[in-house]
Protein chains: 2
Amino acid sequence: MNNISDNNICRVAVDAMGGDFAPENNVLGAIEALSSAKNLEVYLVGRQEEITNVLKKHGKSFPEDKIIDAPQVIDMHDSPVQAMKTKKDSSLMVGAKMVKDGKADALISAGNTGAMMAISTFVIGRIKGVSRPTIGTPLPTETGVPCHVFDAGASVDCKPAHLLEYAFLANTYLEEMYKIKNPKIGLLSVGEEETKGNELTFAAFKLLKDTNLNFVGNVEGRDVLKGSVDIVVCDGFTGNILLKFAESVLNLLKSKLRRYADQGILNKLGVLAAKGTLKNALSDMDYQKTGGVPLLGIDGISIIGHGSSSVDAVANMILQGRNMHFNNLIQIFKQKLEAYEQSK
Amino acid sequence: MNNISDNNICRVAVDAMGGDFAPENNVLGAIEALSSAKNLEVYLVGRQEEITNVLKKHGKSFPEDKIIDAPQVIDMHDSPVQAMKTKKDSSLMVGAKMVKDGKADALISAGNTGAMMAISTFVIGRIKGVSRPTIGTPLPTETGVPCHVFDAGASVDCKPAHLLEYAFLANTYLEEMYKIKNPKIGLLSVGEEETKGNELTFAAFKLLKDTNLNFVGNVEGRDVLKGSVDIVVCDGFTGNILLKFAESVLNLLKSKLRRYADQGILNKLGVLAAKGTLKNALSDMDYQKTGGVPLLGIDGISIIGHGSSSVDAVANMILQGRNMHFNNLIQIFKQKLEAYEQSK
């Protein structure tokens with residue numbers, strides 16, 4: 001491994017053991033990503049033998065020096081704190097250390113989300129000025145431009161200052177990665193007026209109003225999919241519930257169509273005819289197909305994927321990490337946070 | 001007006017001035033309800049002249065002694081507390097007083113939700129043992145049996161004991177009104193394990209576990225539409241955001257289909273063909289068509305409707321009030337709360 005970062009190359013450490021289809025989807029996703037992008041190096045971190053078996057099974061090859069053996073595995077049931085203490089030779093810990101030591105530029109994992117957040121936070125570390133790293137998720141909207149919800153579950157009990165941090169991080173993320181200038185930011189609440197909300201939003205509203213962010217005030221549950229704003233800020237408890245709810249909407253639709261089809265042959269024909277149209281029209285609501293979500297506020301690139309990530313999803317996460325690297329996102333976060341601190 | 005309640009008759013006071021289509025939809029809804037149910041008396045409470053004009057316009061008649069003049073109107077922008085103080089002759093205040101004085105058995109309104117909650121709470125009053133009245137909303141599920149979310153926005157900052165109250169009230173409501181024995185109750189959180197959640201849910205979990213309710217533990221955002229439980233308990237901030245989000249899903253679907261149709265004639269034909277099927281299959285996701293939601297914990301029947309309630313929706317709310325009355329819901333709440341207090 002090369003200790004010195006070459007700016008023309010992005011080195012991504014993949015947690016080969018993370019996710020429901022590990023190591024298979026991670027290995028194949030890495031190969032797919034490598035075949036579609038230049039200036040990319042991928043390290044497969046995990047049980048060498050299992051990785052080699054996947055390669056054999058599919059008749060694929062992978063540079064041996066880029067398979068980093070890590071004999072321990074953090075599974076979905078491991079407590080993040082326990083895992084950090086007792087599984088120092090796990091793929092996640094080894095991968096995070098590579099980023100920390102400058103041997104990799106990004107870490108991606110479809111494994112235990114809590115462990116990934118904890119290990120990124122404590123092994124790679126936070127950017128100065130960030131007290132709580134945050135994950136955000138894009139949701140489809142009526143306008144066609146996604147709305148990003150921050151925080152989507154990194155921190156369940158939030159203080160007003162955390163919501164302000166989320167807004168800052170999300171703002172820079174959308175400006176740099178999506179090239180949206182002055183993204184519109186809304187505070188998720190129960191009414192549009194400043195007087196509507198709970199104790200947390202009342203205080204966060206005041207903080208957000210005093211920034212030079214493009215803060216448009218409170219938004220409601222219905223505004224997310226309407227696309228009234230680019231960024232919705234909320235505590236991770238609300239955000240997590242909202243996103244898991246959103247992910248389940250397609251299943252409800254499918255079950256409703258099934259039920260309706262069962263009521264008669266004409267209904268069945270109608271549903272059959274509608275199916276293809278719906279599938280195409282709603283393709284971007286199928287969350288498991290897309291890539292992962294970055295953990296923002298970490299002093300390095302850390303991307304968390306869905307447990308059931310497909311090969312394409314893993315490849316997308318790797319490319320997303322590469323994209324963040326070449327956009328100098330972490331450096332820009334640091335500069336902006338420093339400038340903000342000095343302006344206070 | 002008759003001051004003594006006749007058990008064979010249900011008397012519903014309708015806030016004729018509430019909602020976006022007042023008084024028209026309220027007047028027509030009252031007439032529709034009366035034509036479809038026996039043992040029902042409806043009072044139209046509001047500006048007598050405006051009510052009479054609607055009747056004239058549609059060539060309908062209504063017993064004059066059942067039109068209760070109330071010259072003031074609480075609109076959507078009135079602060080609930082201010083409205084209670086300064087609009088004592090409003091339709092909502094007069095209607096609530098009728099219930100308080102035993103001159104009506106139920107109050108329904110499609111008007112200002114906050115004012116309806118405040119006036120019901122302070123004019124009609126709470127049942128002994130209830131500190132926070134609650135509204136719940138049924139959501140469609142994959143199983144076909146709705147899942148009721150309590151609280152849907154009555155109280156944004158909740159204490160653990162409030163969540164326990166919501167569970168009790170919702171439990172009795174589903175047992176008595178939906179004839180569901182021992183409804184399954186879940187606590188909305190960010191993971192199924194008892195260790196997942198925020199400070200509020202940790203404490204509420206402990207309280208709920210110690211009851212004889214059919215408490216199944218934490219449920220996640222995705223469990224609501226899956227129909228894993230009959231009742232989901234949460235604070236009104238989270239519940240309100242979730243429900244407004246759910247209400248907006250159909251609009252996103254419509255916009256996605258429109259966008260897809262715009263991409264070509266074949267797509268357009270597909271969408272046209274799918275439209276009828278979708279409309280039928282998803283009919284119960286059209287929230288504005290259904291009735292209202294009861295405010296539980298009030299010492300009288302109080303039902304709150306959507307601002308854009310149709311004539312059918314108003315009629316449904318009246319029939320819902322009648323149904324609650326003939327099921328002796330308020331009496332049963334009182335008996336159960338008393339029994340619980342004594343069992344402690």
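Start by colouring the strands of chain A: 11 of them form an open sheet with mixed pairing, in the order β3-β2-β1-β4-β11-β10-β5-β6-β9-β7-β8. Strands β3 (67-69) and β8 (215-219) of chain A stand at its edges, and each has a single partner strand, so one side of each is left without a neighbour in the sheet. From one strand to the next, the twist averages 25°. Helices (H or I, at least four residues) and strands (E, at least two) are DSSP runs, numbered from the N terminus, and two strands pair if DSSP finds at least two bridges between them.

A word on what you are looking at: this is a predicted model, in which local features need pLDDT of at least 70, side-chain atom pairs count only at pLDDT 80 or more, and totals for chains, interfaces and linings use all residues. Residues are numbered from 1 along each chain as its sequence is written, chains are lettered from A and ligands numbered from 1 in the order in which they are written, and side-chain values use heavy atoms, with hydrogens and water left out. The model scores ipTM 0.89 and pTM 0.91. Chain A averages a pLDDT (the predictor's confidence in each residue, from 0 to 100) of 92, and 96% of the residues score at least 70.

**Stop 1: inside the sheet of chain A**

Select residues 106-109 and 301-304 of chain A. These are strands β4 and β11, which pair in the parallel sense over 4 bridges. Which residue of β11(A) is the bridge partner of A106(A)? It is I301(A). Strands of a sheet pair through backbone hydrogen bonds, either parallel or antiparallel.

Next, show helix α6 (residues 160-177) of chain A. Helix α6 lies across β5 (134-139), β6 (147-150), β7 (185-188), β9 (231-233) and β10 (293-296) of chain A, and runs at about 165° to β9(A). Such angles run from 0 to 180 degrees between N-to-C directions, with axes fitted as lines to C-alpha atoms, for helices over the stretch in contact.

**Stop 2**

Move to chain B and select helix α2 (residues 48-57). Its buried residues (under 20% relative accessible area; exposed is over 50%, partly exposed in between, with a 1.4 Å probe and protein chains only) are I51(B), V54(B) and L55(B). They cover an arc of only 100° around the axis, taken from the directions from the helix axis to the C-beta atoms, which puts them on the same side of α2(B). Among what covers them are α1 (24-36), β2 (40-46) and β3 (67-69) of chain B. The face turned away carries the exposed residues E49(B), K56(B) and K57(B).

**Stop 3: L40(B)**

Click on L40(B), in strand β2 of chain B. Is L40(B) buried or exposed? At 10% relative accessibility, it counts as buried. Beyond neighbours within four places in sequence, its contacts (heavy atoms within 4.5 Å) include A33(B), L34(B) and I318(B). L40(B) and I318(B) are 278 residues apart in sequence, yet 9.1 Å apart in space, C-alpha to C-alpha.

**Stop 4: where the chains meet**

Select S248(B), in helix α9 (residues 236-261) of chain B. S248(B) touches G221(A), R222(A) and L225(A), not counting residues up to four places away in sequence.
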